Amino acid sequence: MRLKILDLSRVLAGPVCSMTLGDLGADVIKVERPGQGDETRGWGPPFDADGQSAYFLAVNRNKKSIAADLADPEDRQVILDLIRDADVVLDNFLPGSLERLGLDPEKLLVEHPSLIWCTISGFGRDSARPGYDFVIQAECGWMSITGESDGSPMKIGVALADVVGGKDAAIAILAAVAERAERKLTAKQRRINISLADSARAALVNVAQNVLVSGRDAKRWGNAHPNLVPYQLFQAADRPFVIAVGSDGQWRACANALGLRDLAEDNALRTNAGRVQNRERIVSALAARVSEMGAQHWIGKLQAVGVPCGMVLNVAEVLEGTSADPRTGIPPSVPGSVRFPPPKLDEHGESIRSLGWRAFE
């Protein structure tokens, strides 16, 4: 039996979550405001031939859309009827907003003993601050560690805090569904709260741990790595590429493949700790060497001996190697499938109002 997900969320984190669940096979009904719909419907150009923004298309496949005014009693009853038979409700409303509209999650969880409710917020369930990715990246340390070492703090090129938060929400929902199958859960156990700030802080992983262990604040390393050498961008004769040495064996193979045997045999560089201490010496030697030939020449030599490396590709080049589609986006990153394209606003409103969840049949 497929999960039934009622998606009251909008913009990015929530839609990423519900699309992930939809890719895995769940039935997802996206509830949108009449007239405007999800804000990202207007976040363009670019727009496709049907007027759908690329932003909206990126995170809304495998869903059906109904436009409903939650302040209208008739529309609210439609939503309450859908909640009655849903497995999960997902929202990203500010605290108190749903309660004022007559959709109190705490009461509905008591009324429906198997319902799971997940709220995604910016800064936690008690904060009324809107959760915009740019602000999250600024306040959760990401910008302070991104960019060139002598440059300004820089945001990541994708709204990754939203993406990580959406993925965290999907994980938490599936964990609750699995636990629900084993035993009866209380309303409190079926209430999930995910904040983008918590997800972003947790995603600092080793960078945060470095600070905790060393007592020294993290800094920007540009395209280098604070803990590994060589692990950064290099400029070949024609274009940039990366070398990512993660073990002592890979280091010796790397140095030998580049014809730097004196470095490969230097005992001071035998361990990663020694290489970190001698960062400038290693990086300058590698930079001078790889500038003599094209990137593909060096990548061929390095890959032949098992050294992780790769060309810096632009997005268009990356998409050439996939089955990505202008309407349905990049193929699912989970073991799922694309069943139908992102919906137009209220495209399935009539069938959902008359059939409820049977609209998927």
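Arginine 339 counts as partly exposed, at 32% relative accessibility. In this predicted model, arginine 339 forms a salt bridge with aspartate 27. The structure holds 21 salt bridges. Strand S5 (residues 116-121) is a second topic here: 6 of its 6 residues are buried, so S5 is largely enclosed by the rest of the structure.

**Salt bridges of aspartate 27**

- The closest N and O atoms of aspartate 27 and arginine 339 are 3.8 Å apart.
- Aspartate 27 lies in strand S2 and arginine 339 in the loop between helix H15 (315-320) and helix H16 (349-355), so the pair ties together parts 312 residues apart in sequence.
- Aspartate 27 also meets arginine 2 in a salt bridge, at 2.8 Å from N to O.
- That pair links strand S2 (residues 27-32) to the segment before strand S1 (4-7), 25 residues apart.
- Aspartate 27 is buried at 6% relative accessibility, whereas arginine 2 is partly exposed at 42%.

**Aspartate 75 and arginine 353**

- These two residues form a salt bridge, with the closest N and O atoms 3.1 Å apart.
- The pair links helix H3 (residues 73-84), which holds aspartate 75, to helix H16, which holds arginine 353, 278 residues apart.
- Aspartate 75 is buried, with a relative accessible area of 12%; arginine 353 is partly exposed at 38%.

**Strand S5**

- Ile116, Cys118 and Ile120 point one way, Trp117, Thr119 and Ser121 the other, and all are buried.
- S5 pairs with strand S4 (residues 88-91) in the parallel sense over 4 bridges; threonine 119 is the bridge partner of aspartate 91.
- S5 also pairs with strand S6 (residues 191-195) in the parallel sense, over 5 bridges; isoleucine 120 stands opposite isoleucine 194.

Definitions and conventions
Residues are numbered from 1 along each chain as its sequence is written. This is a predicted model: local features need pLDDT of at least 70, side-chain atom pairs count only at pLDDT 80 or more; totals for chains, interfaces and linings use all residues. Side-chain values use heavy atoms; hydrogens and water are left out. Buried means under 20% relative accessible area, exposed over 50%, partly exposed in between (1.4 Å probe, protein chains only). Helices (H or I, at least four residues) and strands (E, at least two) are DSSP runs, numbered from the N terminus. Two strands pair if DSSP finds at least two bridges between them. A salt bridge is a side-chain nitrogen of Lys or Arg within 4 Å of a carboxyl oxygen of Asp or Glu.
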